[in-house]
Amino acid sequence: MTGRCGPVAVDIGLDFEGEEIEVSTFQEERERERHRAKRSDSDRERRKRGNGRRKRASRAEEGKGESQARHDRREKGRRKRTRRDQDDKGRKRDEEVQAKIKSGKSAKTRKHIKYEKKRKMEEKLEVEEGEGEERHAKRKRKHGSANKEERDEDGRKRTVKEKAQGVKRKKHKKVVETSSEPSEEEDNDEEDNEEVEVRPESLSSEELEKLKEAVDERKKLIQVLRGKPWPMKKKCVTLWESQEFVEKYEGALGKGKGRKLYAYKVMMTKKWMKFQRDFENFKTACIPWEMKIKEIESHFGSSVASYFIFLRWMYGINMILFCLTFGLVMVPEALMGRPYGTIPRKTVPRAEATSAMDFAVLWDFGGYAQYSVLFYGYYNNQRAIGWLKFRMPLSYFLVGVGTVAYSYMVVIRTMARNANESGVGDDNSFNFNWKMFTSWDYLIGNPETADNKFASITTSFKEAILEEQESRKDDNIHLTRFLRVLANFLVLCCLAGSGYLIYFVVRRSQKFALDGLENHSWWERNEVNMVMSLLGMFCPMLFDVISALENYHPRVALQWQLGRIFALFLGNLYTFIIALMDEINLKREEEKIIKFNITTWEASLYNGTVSENSTAPPVTIQPADVPRGPCWETMVGQEFVRLIISDTMTTYITLLIGDFLRAVLVRFLNYCWCWDLEAGFPSYSEFDVSGNVLGLIFNQGMIWMGAFYAPCLPALNILRLHVSMYLQCWAVMCCNVPQERVFKASGSNNFYMAMLLVILFLSTLPAIYTIVTIPPSFDCGPFSGKQHMFDVIQETLELDFPAWFGKVFSYASNPGLVLPFILLMVLAIYYLQSTSKSYKEANVELKKKLQTQNEENKKKNKLAALKAQMDQEEARKASS
Amino acid sequence: MTNADSSSFRLHGRYRELAPHLVPLDYTNNPDIRVPPTLIVTMPELKENPFRDRIVETFSEDGHGNLSFNDFVDMFSALCETSPRELKTIYAFKIYDFNRDNFICKEDLKKTLNKLTKGELSPEEVLLVCDKSMEEADLDGDSKLSFSDFENMVSKAPDFLRYGSTSSTTKRGGKSTWLPLHNI
């Protein structure tokens, strides 16, 4: 801009010098003009008002926005016509500038000339109608700007010439004559403006309003200037003029430091915008693994990337869960609770002490790991710990409830948001067009990224094409029906078989457990976990083979596949839980016996000490020697932790063997093999999105189930997810090939989310069941000694809150209040659901209407075109 | 004004960088200087863009891609991320209108597609995609897309909905925003 504006400024400077002399010649004219002006004063007021109205109207029209292209064309046509006038206008302009410089007096006279001009202009305006006005406004702006330089140049030359000739009066007249050219409004404004500068006190409120309007218009113009498809030259000059005008006006209106304030405001808004942009950039830079995922997306398509996005989302949730359990349960207990070894539950029993530090034991989460903050049993039932009086049992309970509540909230909220998004974007009517016109990322400046983008665009087009072709083909044979039934039968067999296998294994392991685990091999000890992991690994492959029989549309096939794997995992998990319940019952039987034994042991101990010496302090017994019950809660926690560990190991080992080793073999054996390994049978593996997502979901389910009994589970899961993120990213990029059939299970992620919700529900069910119905162990955990775990709430209410609060709470939890409330909620849900249904129907109706309208329009247009053709032909015939 | 000045100085720097032997530092005499398209497309912002030639052609006054400084500034202002959506729509239409007949016809679509995919789709696939696109967006049934068709289509694009004209976007490789160049 500066490059442009520089010379203009120089020209103007020259102009001033040139016209200095000319101004003096106005003096004669002034006296005459003044009389005329007085006459027209009243006229002026009226017209000004009219002008304002018109301006407003034209602005409104502009706002409505006819297409800019049309304006452009119109303007172009007009440009030639009006170019003639520009010389004259330039002259007039020069005068203005010069007059302003001169003095208040000369300005006043010039004003009268202006009135004259304006009158003429308005006459012209009245002839023009509606649209004409708008056009006029446009043209005005154009003239006022685009040719300023030219004008100035002309003006200078001309004035020099005229000075020599000495025909000043003639020139003056000329100005008046040519004033019909529509640039008056601007001049008026400037002139009014000047008037303000001269005598601000004489300004009526009406005029003030008008001025304000004019300036607001300019400001608006400055704002929307960016949006105009004009060449830069024009924009630049318009902006320049408008800014000048606004600044002048604001100063003139007596707004004190108007100019400074304005500049300050502009600067601040710019700074603010820049800050916002930087902040956004910062925020996106803070999203972890964004570039990794983008890279994968560009090579493997959106479906593979969606898995990694899901993984990241899961990581986020687990981060929150981890913060909750770590910050509110584990750290307080470790810092403020009684240290290790002070009480029996915090000490490794004497019998296990020798092997408590062995790696094999620790790996199984026995020994020191078992008697640590990692598990339920370690926590003490002391009501308040440390100098903070931290309510440990209450905190433990609330965190347990809180993790579940938070998970529900997040999952449901995400589902709702996804539903909203898909609700907006489910209009898939421009699928191909969007891919074509909006898929290129104009921010790409890196050759590698560009290559990735090309690849991903091509992939997405292929996806769309494949889908299109799939939707076109339809063949309905009885054979496929038969095959489908057969496939489902086979799958059911698989499911039943795997269920039985797990049940069998769990039963066997219980037998082993009764015998004592030490007598058995590693395999026998880890049988349950290994069998579950292996089943989870191989059954999906089997399902995949079976589903080849069915000949479904790939998307439907994928959904079936997912459903089957889901059923498999769920069956396995529940078999496992049922087996665990059996074990819990066994432990509780054991506990009863031990409890009885302990009372006798204590009694004997007490009696013994009393009998020996009644005054001596009681014999201190090492906490490690105190007999203790089988803490079933810790057992459950351990089981879950072991399950997670073995699951993670299997996943990683499968990844390494199934993907990496296979890829290495295929790659390097290919040189000395009899057929093409890369293109032929083994080939490279594809990334199995659905299986991986399901694995992730079930893993999360186990976390939710076990987190109450093993507070370390979220931490372990974070570790696992973190490692998986890097390992899988690497494995995908290095040993997988893009899928040939790329289909997402559904348009949105809600399919997976719904699964996650189901799993969340199913996994909280047993956890809540155990918490509510089974009484806690008598000698371990934060709730020991209570009848139920949730008694801690009541206890807190009684001891920590005023009496009235407890009363209110008991009233509120009265079934007479709760039941109606639940009823009300159900009714509200019903109402909302029915309204949303009706909205949906209305939406569908409207869409249909739109479609039919479009089709009708098409038909109409075609008919019109045909008719026009016929007419043309007829005309031709007639003429011939 | 000062802000605009500094950014235009910087822009002029960028402009001059492209062809130091052609562009003078001093613009007082309004020299008529145009930088040829072969030099313009070497800018990092355009280097990888499949439509770089079209972009340069669209913004040049002579239609051959020779950009004067004004055209250059024009291009940046239209493509920068804060420029309004309507403006971008107008210029995008011009960019995709390869033969400059104010309609996007099937040939234009084919060219666009081939540029986007580096010609990796087979001719049948290209034909299918073009047919489908035309079918989707052509509302008046003249088998070419007018500006109103284009505007209608683009205004409904999901990326457009989410990333309106005011929201700023990720720097590189972010979610595909529609027409922003690097903001200078």
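The largest nonpolar core has 102 residues, where a nonpolar core is a set of buried Ala, Val, Leu, Ile, Met, Phe, Trp, Tyr and Cys residues joined through side-chain atoms within 4.5 Å. Buried here means under 20% relative accessible area, with exposed being over 50% and partly exposed in between (1.4 Å probe, protein chains only). Inside this core, the residues with the most contacts are F308(A), F310(A), V641(A), L694(A), F708(A) and M789(A). Helix α12 (residues 290-336) of chain A supplies the largest share of this core, 15 residues. Apart from it lies another core, of 59 residues, including Y27(B), Y96(B), L113(B) and C130(B). As a rule, nonpolar side chains in soluble globular proteins tend to be buried together.

A word on ground rules: this is a predicted model, so local features need pLDDT of at least 70 and side-chain atom pairs count only at pLDDT 80 or more, while totals for chains, interfaces and linings use all residues. Residues are numbered from 1 along each chain as its sequence is written, chains are lettered from A and ligands numbered from 1 in the order in which they are written, and side-chain values use heavy atoms, leaving out hydrogens and water.

Back to F310(A): leaving aside neighbours within four places in sequence, F310(A) is in contact (heavy atoms within 4.5 Å) with V693(A), L696(A), I697(A), Y752(A), M753(A) and L756(A).

Zooming out, chain A has 28 helices and four strands, taken as DSSP runs numbered from the N terminus (helices H or I, at least four residues; strands E, at least two). Of the 880 residues in chain A, 45% are buried. Helix α16 (residues 431-438) of chain A is mostly covered, with seven of its eight residues buried, W434(A) and K435(A) among them.

Now the helix pairs. Helix α23 (residues 689-706) of chain A and helix α24 (residues 713-735) of chain A pack at about 165°, their axes 10 Å apart; axes are lines fitted to C-alpha atoms, for helices over the stretch in contact, and angles run from 0 to 180 degrees between N-to-C directions. So α23(A) and α24(A) are roughly antiparallel (over 145 degrees; under 35 is roughly parallel, 65 to 115 roughly perpendicular, and the rest oblique).

In chain B, the axes of helix α6 (residues 85-96) and helix α9 (residues 147-155) come within 10 Å and cross at roughly 125°. That makes α6(B) oblique to α9(B).
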